Amino acid sequence: MANTPQHLLKLILEAKEKQLKKLDLSNKGLTEIPAEVFELKWLEVLDLSGNQLTTLPEAIARLQQLTSLDLSNNQLTTLPEAITHLQQLTSLDLSVNRLPTLPEAIARLQQLTYLGLVGNQLTTLPEAIARLQQLTALGLAGNQLTTLPEAITRLQQLTALGLSHNQLTTLPEAIVRLQQLTYLGLADNQLTTLPEAIARLPQLTTLNLSTNQLTTLPEAIASLQQLTTLYLSGNQLRTLPEAIARLPQLTSLNLNDNPIEKPLPEIVEQGIEAIRDYFRQLQAEGTDYLCEAKLLIIGEGGAGKTTLAKKIEDQNYQLREEDSTKGIEVIRWDFPMKDGREFRVNIWDFGGQEIYHATHQFFLTKRSLYVLVADTRKEDTDFYYWLNVVELLSDNSPLLIIKNEKQNRHREINERELRGQFTNLKETLPTNLASNRGLEQVLEKIKHYVKSLPHIGSPLPKTWVRVREALESEARNHINLDEYLNICQQNGFTQRNDKLQLSSYLHDLGVCLHFQEDPLLNKTVILKPKWGTDAVYKVLDNEKVISNLGSFTWSDLANIWCEDEYATMHDELLRLMINFKLCYEIPRSQGKYIAPQLLSANQPLYGWNQTDNLILRYEYDFMPKGIITQFIVAMNELMNEQQCVWKSGVVLSKDQTKAEVIEYYGKREIKIRVSGRHKRDLMTIVTHELDKIHDSYKRLKYNKLIPCNCVTCKDNQEPHFYLFEELRQFIADKQDEIQCRKKPYKMVNVLGLIDDVMDKHQFIQQEEIRVSGDNYYINAKEVQIQKGNNFMSNQSPQEEKPKSEDVKLPFAFRNGMFYLFVFVVVFCLIAFFGGSLPFHYLALAIIGTAIFIVLIGVLQLRQDNRLSEKSFVDLTKMVLEQLPLISNIIKQFQGNK
């Protein structure tokens, strides 16, 4: 026993003395199993996961009572035949090892109900596996299977089958034999079609097909009437069959990263209920089409954007000195189509001044055509900046470059290089807007590309088109919600939800603005977005506000919005600015506001303790303008009375801790320094908010850099930094240490680096969720679904088995309340039969006492931290299940059911 470390020896001796049936030796750094373990012949559960075992000794066969053996996350390459002597085994987890094959002898474990083989190197399975007829859950994710072994289809009791992260190209028709299957994981394979046979699995509740190459779904999918969860992200689906709306139990549908055109992407993003409503309305109202699109003209100030917009509207427009566009101008342009219908284009002409760049992100919409106007005479157009902006903010919408060759000044553009980097760049077209040279070709190309936008021709319910036309004919800038709902009613709508679905769709398209989640703005539908944007820019362009470095008050707004069209809408317009993160109210200064993009560019003087700082950096491939101003708006409550905030940075204070956050736009970097008592806590708050802003940009590419904590770097303001993704990969590859690049090149603990800036336990938990996507766990008894981060995740789910743990809950009636109830019932019955208590009082007394003790029981359970997040209904159910006698009745009822 001398070779066994003392802390492990203590655990084993405790198990021996107490005759414990469960022994947990997970994550103990073991390279071999301590010999003392094999003396515990009564053991039923043995957890050896997360160690460094390379082999299993023959002595494992002595543990004849074992029912559960967890060997996951080790380095096993073979299984000894001795393991097949464990005839009581019902759960065997061999996940995340290095097994290239599975021995035929595995079939001797006839009691197995769960077999975990996730993350090995299996290319096939032995035929003998078909003899494991008690198997209900089989985890094979993360192997190298190219075909589904036929033997698996003979496991008649199988309810959960995980095959994600393999190399499957087809599914055999024989899969239909698995009639008990409730969970089927096929994410991250190479499937191009889904066989009709899959629709003949009547018990299926969860189907994971993410990250394959599917282009269609069969109509037969409607047969899966028990399906509740369907993952289809990362495929090539362009249309969804109407059959998907006929899955009555479906509540979770993931369609991220598909080029879906029907139903409309804006509908798909709202989830399965919105999709059902869309198909229902199409069927009930009939189909129509909206021939309308948005054309956005962008570029530097003075490039000719407004002139181009006017020329599109009227080719005979005569050039004149145009005032620089303030914010956004909107022009309507109609042109006839071959079928005689009019195609409508809303032209948005954006101001090119620096102040407007930061606000463009709120109006650059998806599924629009973009035109970048370049003045060839000035040669000041930063093509990479504008192309990056459109790619980032518009989800890669198509873009044309129009070279405005003033005075016939030609300029060559390296179009091939630009096309190599920006796939949405369609063409570069030269023109002279003064002489109209090339203008006809420009107009024809704009018509072609605007008619080719993916949403053009998408079917819409006729009622939607009628309401859109009715709203267009409205002369008012805005209407209240009741007026909008009445317009819908007059045009054939009957259900309120359908009316709100349409306003949400029009909002997403940028046709109108309706913020349904905002308690103030949801009462108003802004029909003319330009009216709202004009009001916003009136504040940002106001000389007094500019001279006050972005500061303004209610009285300032009354002067700025003095026209009749704004008279009754000051509250709503201010909320619009706050929603767009263009301003915030100064804490504890009611009625005073700051527009951070107008703050001073000069960093104020302030003291900073450079000892024991926590430092973190973000580096961006391309940095959009406005990240730091959005951050300032979001974190304004942690500012110290506006003393340390400027255009590109801010100092935050919380709990005797300070955080300095500065944007270095020229270096494409944000740097964070934290000093004080609770550095990691404040750093977590800062990075959480920045990551939320980052997530709002779908295509933003950046690196998070974690500082080194070796002796050399610890108190250094310029420590060595590690890429967060690199540290993440080290942990995935089970590398505990990484080398600092500064002399004397010390090795540092990877988890320790992460623990400096975020809680390592929380990080590990998040990594499990990230790696497994929607966190599908295959368990020996059931498939447990735990939703991790944002459900619309880009990651593909995979199967893993959680560490099961016996949790003993507190007894809800440990204070004797149940006996009080018995006493009251007996006392009341005696009084009733004695004639001194009427029947209705008897009933009231018993019911009232029952409710009272259940409430007390709920409060008792609520005090347990493990149950603090449980709902009142769940806790009430647990209380009732703990009631003597009644619990037996409940269990008997559930069993019969």
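Me: How many salt bridges does a search of the whole structure find?
Reply: General idea first: side chains of opposite charge can pair when their charged atoms come close. The criterion here is a side-chain nitrogen of Lys or Arg within 4 Å of a carboxyl oxygen of Asp or Glu. With that, searching the whole structure turns up 42 salt bridges. Keep in mind that this is a predicted model, where local features need pLDDT of at least 70, side-chain atom pairs count only at pLDDT 80 or more, and totals for chains, interfaces and linings use all residues. Residues are numbered from 1 along each chain as its sequence is written, and side-chain values use heavy atoms, with hydrogens and water left out.

Me: Which residue meets Glu150 in a salt bridge, and what is the N to O distance?
Reply: That's Arg154, at 2.3 Å. Glu150 counts as partly exposed because its value is 34%. Arg154, at 31%, is partly exposed too.

Me: Where in the chain do Arg238 and Glu261 sit?
Reply: Start with the pair itself: Arg238 and Glu261 form a salt bridge, with their closest N and O atoms 3.0 Å apart. Arg238 is in the loop between β10 (229-231) and β11 (252-254), while Glu261 is in the loop between β11 and α2 (265-268), so the pair links distant parts of the chain, 23 residues apart. For those labels, helices (H or I, at least four residues) and strands (E, at least two) are DSSP runs, numbered from the N terminus. Arg238 is partly exposed at 45%, and Glu261 is partly exposed at 29%.

Me: Is Lys679 buried or exposed?
Reply: Lys679 is buried, because its relative accessible area is 17%. The side chain of Lys679 meets that of Asp612 in a salt bridge (3.2 Å, N to O). Lys679 belongs to helix α17 (residues 679-695) and Asp612 to the loop between β24 (592-594) and β25 (614-620), so this pair ties together parts 67 residues apart in sequence. Asp612 is partly exposed, at 33%.

Me: Which residues do salt bridges with shared partners join into one network?
Reply: Look for Glu292, Arg332, Asp334, Arg344, Arg468 and Glu472.

Me: Now strands. Which strand does β25 join through four bridges?
Reply: As background, in a regular strand the side chains alternate between the two faces of the sheet. Pairing requires DSSP to find at least two bridges between two strands. Here β25 is joined to β30 (residues 702-707), and the two run antiparallel. Arg617 has Leu705 in β30 as its bridge partner. β30 also pairs with β31 (residues 721-723), again in the antiparallel sense, over three bridges.

Me: What is the strand order in the open sheet of three strands?
Reply: Read it as β22-β24-β23, with antiparallel pairing. The edges are β22 (551-553) and β23 (584-585), each of which pairs on one side only. Between β22 and β24 there are three bridges, and Ser551 has Ile594 in β24 as its bridge partner.

Me: How many helices and strands are there in the chain?
Reply: The chain has 24 helices and 36 strands. Of its 897 residues, 53% are buried.

Conventions
Buried means under 20% relative accessible area, exposed over 50%, partly exposed in between (1.4 Å probe, protein chains only).
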